[in-house]
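Here's a quick briefing for anyone meeting this structure for the first time. Have a look at it, then read on.

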Amino acid sequence: MQPQALAPPRPSARMTGMYTDVGVQGAAASDNASHALVGMLFDAALGALARARGAIQQGDIEAKSQAIRKALAIVGEGLRASLNVAQGGNLAQDLDRLYGYIELRLTQANLRNDEAAIEECAALLRPVHEAWQQIGPQVLQPAHAAA
């Protein structure tokens, strides 16, 4: 049996709008602190990926491994674990698959010292992070102003 080639779930316009829809449906996104925390998780994950790329360029395997492990923990234990698939429906499921793919690619990147795979993961996270930032004003406005 031939292994199937993996294709990343590419963030589409629908996917980058996911956090808006999930935010409307999920209670966590309506909380200012939760919104800020998720934003910090994106920032930290992208920072760890940048450090991993730099470490590969410098030949520092230990620093690369530490940075990738940090990014894996943030994506898996932070971003992915915080999804509410029951309330977020298909949109949250799409994000869950995207984060799972990123976790797989980061594991492969760590094993192979693959800078391109790390950049691929960063490129997949950026539009979702941008979408999260764009819904900030909606989330952060007082509840009575939205009514």
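Is the crossing of α3 and α6 left-handed or right-handed? The crossing of α3 and α6 is left-handed, a term used when the near helix is turned anticlockwise from the far one by less than a right angle, with clockwise being right-handed. Keep in mind that this is a predicted model, where local features need pLDDT of at least 70, side-chain atom pairs count only at pLDDT 80 or more, and totals for chains, interfaces and linings use all residues. Residues are numbered from 1 along each chain as its sequence is written, and side-chain values use heavy atoms, leaving out hydrogens and water.

- Helices here are DSSP runs (H or I, at least four residues), numbered from the N terminus.
- Helix α5 covers residues 85-112 and spans only 32 Å between its end C-alpha atoms, whereas a straight helix of 28 residues would span 40 Å at 1.5 Å a residue (the expected span is 1.5 Å times one less than the number of residues).
- α5 has a kink of about 80 degrees centred on Leu91, the bend being the angle between axes fitted to the seven residues ending there and the seven starting there.
- Where α5 starts, Asn84 has a side-chain oxygen within 3.3 Å of the backbone nitrogen of Ala86.
- After α5 comes Asn113, with a positive phi near 50 degrees.

**How α3 packs**

- α3 (residues 32-58) and α4 (residues 61-80) pack at about 160 degrees with axes 8 Å apart; axes are lines fitted to C-alpha atoms over the stretch in contact, and angles run from 0 to 180 degrees between N-to-C directions.
- α3 and α4 are therefore roughly antiparallel (the word applies to angles over 145 degrees), and their crossing is left-handed.
- Residues in contact (heavy atoms within 4.5 Å) include Leu41, Phe42 and Leu49 in α3, and Ile68, Ile74 and Leu79 in α4.
- The axes of α3 and α6 come within 10 Å and cross at roughly 160 degrees, so α3 and α6 are roughly antiparallel too.

**How α5 meets α6**

- α5 and α6 (residues 115-134) pack at an angle of about 160 degrees, and their axes are 8 Å apart.
- That makes α5 and α6 roughly antiparallel, and they have a left-handed crossing.
- Among the residues making this contact are Leu95, Tyr99 and Tyr101 of α5, along with Ile118, Cys121 and Val128 of α6.

Key:
Helices (H or I, at least four residues) and strands (E, at least two) are DSSP runs, numbered from the N terminus. A polar contact is a pair of N or O atoms within 3.5 Å; within protein, one must be able to donate a hydrogen and the other to accept it, and residues adjacent in sequence count only if both atoms are side-chain atoms. Angles under 35 degrees count as roughly parallel, over 145 as roughly antiparallel, 65 to 115 as roughly perpendicular and the rest as oblique.
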